[in-house]
Amino acid sequence: MKKIFLILFLSVFSLGIAQKKKKTGSKAKVVAEKETVIIYTLQEAETSNEPRIIAGFIKQNPGHEKTDALKRRLINIIMADNSIEAKPTIKPLSKDNIEKIVSNNELNKGKNFAANKTSSEKNVSLASAGSNKKSEVSEQGKKTASMLSHIFNNDPNDKEAYINIKNKSKCNLIVKISGNKYYNLEVPARGQNFVMVEKGEYILTTQVCDAKYSSLKKIQKDIQIELNVAE
């Protein structure tokens, strides 16, 4: 009889350990988040083809010895992206407006620069509304003009800020940004993307691979958020 009780005890004990290990092994994945104020480096500005990064470095380092060269590079990139040869269906961004945006005079004139925002955006327009591809290119041009206007605008009453999401995971993301207004931001795997938002409180939600992410953010300035699955 004692042997039977011993066998039963050992069986129940082993079953309990096995279930505990199973629960431990199926632990839910969590998201690793890192929020930082955006600082642009010279290396990024010299190697990136993204106007936002080059313009950001120029704004943060107006007296740098390479600022003039970077301004010329920024203008060339924007003009190439909006050239008639590259995109015959799109009216190109005016070179005069681009040069005004990145000129030293505009760096210290927030109000004047804000006034240029509308005219800059108008110069990136849709030549015909019959094609989705045309619309996408036009929207990208407007986004670039709006971003440059925002970066170089020194007006403290600027009501916009931008959120840059850097996706360090191997999965594509769709980040939902909910507040006074709603935004959906697609971020490719191991890539990044940004969206301009009105300043205020927002709830950011997404799923990083199999891990759910939700966070309340008070957006009062440009920020960058890195997302990944915690190790």
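C209 sits in the loop that joins strand 6 to strand 7. Strands here are DSSP runs of E, at least two residues long, numbered from the N terminus. The model is predicted: local features need pLDDT of at least 70, side-chain atom pairs count only at pLDDT 80 or more, and totals for chains, interfaces and linings use all residues. Residue numbers start from 1 along each chain as its sequence is written, and side-chain values use heavy atoms, with hydrogens and water left out.

**Exercise 1.** Determine whether C209 is buried or exposed.

Solution. 
- Take the cut-offs: buried is under 20% relative accessible area, exposed is over 50%, and partly exposed lies in between (1.4 Å probe, protein chains only).
- C209 has a relative accessible area of 16%, so C209 is buried.
- Check the backbone too: phi of C209 is positive, about 55 degrees, although C209 is not a glycine.

**Exercise 2.** Work out the strand order of the open sheet and name its edges.

Solution. 
- Strands pair if DSSP finds at least two bridges between them.
- Strand 3 (residues 173-178) and strand 6 (residues 200-208) share three bridges, in the antiparallel sense.
- Within strand 6, T205 is the bridge partner of K176.
- The four strands run in the order 4-3-6-7, with antiparallel pairing.
- Strand 4 (182-187) and strand 7 (211-219) each have a single partner strand, so one side of each is left without a neighbour in the sheet.
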